[in-house]
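Open the structure in your viewer and keep the selection tool ready. We will go from stop to stop, and at each one you select something and look.

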4 protein chains.
Amino acid sequence: MSDKKKRILKATEKLLAMYGFHGISMQMVAKEAGVAAGTIYRYFEDKDDLLQQLHDHILSYVANKISQNVSDEMPLEQRFRIIWLNIWNMTTQEDAPIINRGQFETLPRRESHEQRLLEKKMFAKVDRLFNEGKACGLFKPLDNEILGVLSLESCACLARKHVNGVFKVNDAALDAAISASWDAIIQHKH
Amino acid sequence: MSDKKKRILKATEKLLAMYGFHGISMQMVAKEAGVAAGTIYRYFEDKDDLLQQLHDHILSYVANKISQNVSDEMPLEQRFRIIWLNIWNMTTQEDAPIINRGQFETLPRRESHEQRLLEKKMFAKVDRLFNEGKACGLFKPLDNEILGVLSLESCACLARKHVNGVFKVNDAALDAAISASWDAIIQHKH
Amino acid sequence: MSDKKKRILKATEKLLAMYGFHGISMQMVAKEAGVAAGTIYRYFEDKDDLLQQLHDHILSYVANKISQNVSDEMPLEQRFRIIWLNIWNMTTQEDAPIINRGQFETLPRRESHEQRLLEKKMFAKVDRLFNEGKACGLFKPLDNEILGVLSLESCACLARKHVNGVFKVNDAALDAAISASWDAIIQHKH
Amino acid sequence: MSDKKKRILKATEKLLAMYGFHGISMQMVAKEAGVAAGTIYRYFEDKDDLLQQLHDHILSYVANKISQNVSDEMPLEQRFRIIWLNIWNMTTQEDAPIINRGQFETLPRRESHEQRLLEKKMFAKVDRLFNEGKACGLFKPLDNEILGVLSLESCACLARKHVNGVFKVNDAALDAAISASWDAIIQHKH
DNA sequence: CATGAATGAGAATTCATTCAT
DNA sequence: CATGAATGAATTCTCATTCAT
């Protein structure tokens, strides 16, 4: 990808996190990226396209991050903890994509092919994890999407609030939160 | 509250859910509410104030809904299920506030006194539930905020995806999801 | 004249002096006058009419002030000094009409009959003064309008700058300025 | 200075003279200048800035005009007559700045450094004239500001009324008016 | 008569997009 | 390819005026 295009995407991401959709102008993006306003239109159809491509760009980043260091050979709980922590770290790290999905929600959906592929890839390892867990009776017999919400969305939500300063999660609490997420999806004898 | 003001808030809420912050104009709000553009400014300082007051308005609605039919005399698990279902119903019902909190996130915070009071009220019963649960050793010893995310945000997230059609949650799955949320916060013998 | 009408004119004058034409609204006038916005339209056709009537109102005040204590029997120089000081005092006094004519200049002229009469009356005594002065060879043989500018506009200009704080005119300077204005219009042997 | 900026200033000046502050809109300025409305904002911060810059622009023009053809080596009276006529011509000529200072009076003052410099420059030669005149006992011992009002403001006022058609000043009267202004500030034996 | 809520045309200003250089 | 001045439609907000109470 061209250096200019990267700089434009990076600038857009930064400004989007700071000001939200309303409140960023193409002029601002151009200035932040150090290019002329017209240059943006060499790489992007229009403002919507810029935002959409940024969305795909971040999704691609997320897809990679989430599955990092996870091997299908590992024990289930180890895989779960690594994925959980991948999400946590991705959200809380310094160079994290500072945007959460909510901020893209009002975009007129393009439902691009690339996006579909990315989302599939993003959850491939998670899907296998859930499938195996259910197959051996360890996990609750629920749809993968529901299991995902119950265990991993909590993580993302927790991380976002931690980053935003709503509250702080220390190391002990973090470990307990992982266990809690695990407890949410495994079967318990009552 | 004046009829006109209510209509303006209702119209704003509808449009906000449809188009997000960017993409709604005061003209659109006026038209949707059936008032003249200038009329909005009799009731709201400016666009930001309109959005902020809408936020407070919805928060107030949510605060009431969430605590409905919950009594501090009930057993812990019953209280938890009612609260969980209150959130679920509030989000999935026909006349629900169509907006989720994420859509207010980029708003410049006013941190009004009223807002603080509302948020306190909103979680008063939830707070007592968590405190009692921890006191008797049933719940994990985590901050109430964290317990809230682990058990109730999952509910809201699930409900939102159910409504948006990302996936459907049937009655059996719903019951299992409540149990899973409960499992997330109670202590288990290992 | 009705009390309400007077209050409206007074309020308009005050606001006009503070903000100029642009920058005063009928709402502001109503608030300052302590009446409802609609009430203004009982007494004035529209905004232009309000301003025009205010103009006439002030002109009437000025016309009276300027000729105060001046009798056609007095010696020429005494009459001149009284008129000069009338202008000075009118402009610098506490309850002076705070507006100068320049602020009315862009008003769409109505050239009302009343206005014509007032302006005639305003300068009647001044006219007689100049005519007598020229008849006896004391004054320069110039049109009264020109004599007026040379001697009395200087006074008004001086007073305005004194009030606005551009510079301050002490008693000695004031007396010298009157003499200078007198010098401007009388004939000198060279 | 850019051609567009000049055209905008010129257009503003024209409209200001015709309609006053209230009553000119940015759209009108844009149309008169033959540019798009948005273009004005490339050169001027906002409407106030446009008006302020116009003020400075005109002041600069006036400063130059007033001192034209005046040399400190000339006799006092000659210098006075030239300055007086400079003001007269500047005000009555075809391409004169059509605006008088009064029209800027309601503008919120910026008191810029540039403005101070210009006003100093504007009156430098006038200041020297008055100082020398007082030093040799020819002029009345009054502040330069007061001498200025007594002799030169009369000129500007006369010229304005001449241009506006309030009355007409023929060549003989003009010469007499200069002498009258001179008489106003020189010492006379009584 | 007096009120002031409501109106909607018009104001200032912004900003996505184009295009001559 | 890159630029950034120019555009003008769209946006937020104001305010003279009306009219039901």
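**Before you start**

This is a predicted model, in which local features need pLDDT of at least 70, side-chain atom pairs count only at pLDDT 80 or more, and totals for chains, interfaces and linings use all residues. Residues are numbered from 1 along each chain as its sequence is written, chains are lettered from A and ligands numbered from 1 in the order in which they are written, and side-chain values use heavy atoms, with hydrogens and water left out.

**Stop 1: DNA strand E**

Now look for polar contacts. A polar contact is a pair of N or O atoms within 3.5 Å; within protein, one must be able to donate a hydrogen and the other to accept it, and residues adjacent in sequence count only if both atoms are side-chain atoms.

- Select A:Tyr41: an N or O atom of its side chain is 3.0 Å from a phosphate oxygen of DNA strand E.
- Select B:Lys4: here the distance from a side-chain N or O atom to a phosphate oxygen of DNA strand E is 3.3 Å.
- Select C:Gly38: a backbone N or O atom lies 3.3 Å from a base nitrogen of DNA strand E.

Next, color by helix. Helices (H or I, at least four residues) are DSSP runs, numbered from the N terminus. Which helix gives the most to the surface near DNA strand E? The answer is α3(C), with five residues. By class, this surface near DNA strand E has 13 nonpolar, 11 polar and eight charged residues. Ala, Val, Leu, Ile, Met, Phe, Trp, Tyr, Cys and Pro count as nonpolar, Asp, Glu, Lys and Arg as charged, and the others, Gly among them, as polar.

**Stop 2: DNA strand F**

Move to DNA strand F. Of the 32 residues around it, B:Lys47, C:Met26, D:Thr39, D:Arg42 and D:Tyr43 come nearest. Sugar and phosphate make up 68% of the atoms of DNA strand F that come within 4 Å of the protein.

- Select A:Thr39: a polar side-chain atom lies 2.6 Å from a phosphate oxygen of DNA strand F.
- Select B:Lys47: a side-chain N or O atom is 2.5 Å from a phosphate oxygen of DNA strand F.
- Select C:Met26: a polar backbone atom is 2.4 Å from a phosphate oxygen of DNA strand F.

The largest share of the surface near DNA strand F comes from α3(A), with five residues.

**Stop 3: chain B against chain A**

The contact (heavy atoms within 4.5 Å) takes 31 residues from chain B and 30 residues from chain A. Select B:His22, B:Ile146 and B:Val149: in chain B they lose the most area to chain A, together 19% of what that side buries. The area buried between the two chains is about 2600 Å², with 70% from carbon and sulfur atoms. Buried area is the accessible area (1.4 Å probe) that two parts lose on being put together, summed over both.

How many salt bridges cross the interface of chain B and chain A? The rule finds four. A salt bridge is a side-chain nitrogen of Lys or Arg within 4 Å of a carboxyl oxygen of Asp or Glu. Select A:Asp183 and B:Lys140 to see their side chains meet in a salt bridge (2.8 Å, N to O).

Methods: Helices (H or I, at least four residues) and strands (E, at least two) are DSSP runs, numbered from the N terminus. A residue is near a molecule or strand if one of its heavy atoms lies within 4 Å of it.
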